[in-house]
Amino acid sequence: MAEFKDEATSVAVGRKESVGAKIKEWGRKKIVALKRRPQNIPFVALIITSFTYLIALNILSQGPVKDLPGAPWLGFCVFANTLFSILILALYLNIFPKYPKVNKKTGKKTKTNYVMLVLVFVFIAILITCDIMYYNISLSQIAGSESLFFGTIEQAEAFSAYWSESFASNPVLNITYYRENLVAAMEFSITHLVMVCVSAVLLATLPLYKKLIMKINTSKELESTQLSEAIDVEDGD
């Protein structure tokens with residue numbers, strides 16, 4: 001009975017060790033893949049940023065189309081951000097080509113396409129500019145029509161600097177004409193701005209954390225076999 005318990009315990013321990021070893025090996029392979037292409041980190045950030053903006057187009061486009069037709073630059077900002085959010089991903093794929101060009105004279109490989117890299121940063125600057133324009137134009141539309149933007153006093157207080165004097169003295173909120181989508185769009189424009197800036201920082205600092213990633217030890221330890229130990233002993237005798 002005791003032998004049966006010992007065998008069951010050893011099997012359970014072996015399973016735990018095998019699961020832990022599999023997880024460790026999976027992590028090691030992921031780090032190895034990251035060592036080969038560390039540029040995937042800012043690329044993933046750009047993908048998340050672009051798709052988040054495209055998903056929120058329904059909120060962002062309602063303002064210039066329905067509620068603020070007198071502010072045509074809002075529509076331009078939405079169109080430009082949508083266009084460059086897609087194009088920037090295509091450009092990024094060409095920064096680090098899978099098959100680098102080889103200089104025929106020197107034989108050196110060009111692993112980075114600096115023209116595409118510069119263009120990506122130009123596109124990032126355009127995205128940031130459009131986000132700032134969208135937010136500022138929306139804010140400029142609040143003065144004189146505050147009751148159409150806010151549903152509660154708390155939300156209005158967040159934009160108190162843009163109140164008119166009459167609204168500040170008598171903050172009556174018209175819930176019937178409350179433009180909730182405009183406030184949401186303004187808040188999302190700031191969120192998108194932050195996401196774009198984070199992606200830009202990850203791309204700009206790629207050479208720095210690439211060195212740190214390359215320092216991670218991903219070598220696989222091989223255990224010595226009993227056969228080699230036996231041979232060593234015999235040779236020593």
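## Basis

The model is predicted, so local features need pLDDT of at least 70 and side-chain atom pairs count only at pLDDT 80 or more, while totals for chains, interfaces and linings use all residues. Residues are numbered from 1 along each chain as its sequence is written, and side-chain values use heavy atoms, with hydrogens and water left out.

## Aromatic pairs

Eight aromatic pairs are found in a search of the whole structure. Rings of Phe, Tyr and Trp (its six-membered ring) pair if their centres lie within 6.5 Å; planes under 30 degrees apart count as stacked, over 60 as edge-to-face and the rest as tilted. One of the pairs joins tyrosine 53 and phenylalanine 188, with 6.1 Å centre to centre and 40 degrees between the planes, and is tilted. This pair links distant parts of the chain, 135 residues apart: tyrosine 53 is in helix 2 (residues 40-55) and phenylalanine 188 in helix 8 (residues 180-204). Helices (H or I, at least four residues) are DSSP runs, numbered from the N terminus. Tyrosine 53 and phenylalanine 188 are both buried, where buried means under 20% relative accessible area, exposed over 50% and partly exposed in between (1.4 Å probe, protein chains only).

Phenylalanine 149 and phenylalanine 150 form another tilted pair, at 6.4 Å centre to centre and 50 degrees between the planes. Phenylalanine 149 counts as buried because its relative accessibility is 0%, and phenylalanine 150 counts as buried because its relative accessibility is 0%. Elsewhere, ring pairs link Phe43, Tyr92 and Phe96 into a cluster.

## Nonpolar cores

A nonpolar core is a set of buried Ala, Val, Leu, Ile, Met, Phe, Trp, Tyr and Cys residues joined through side-chain atoms within 4.5 Å. The largest has 33 residues, and those with the most contacts inside it are Leu60, Ile88, Tyr92, Ile95, Val120, Ile124 and Tyr134. At least two residues of this core come from each of helix 2, helix 4 (72-93), helix 5 (114-140), helix 8 and helix 9. Helix 4 gives the most, with nine residues.

Beyond its neighbours within four places in sequence, isoleucine 124 is in contact (heavy atoms within 4.5 Å) with Ile88, Val196 and Ala200. Another core, of 11 residues, lies apart from the largest one and includes Phe149, Phe150, Val183 and Met186.

## Methionine 214

Methionine 214 lies in helix 9 (residues 206-214). Methionine 214 counts as partly exposed because its relative accessibility is 42%. Between methionine 214 and isoleucine 31 there are 183 residues in sequence and 9.1 Å in space, C-alpha to C-alpha.
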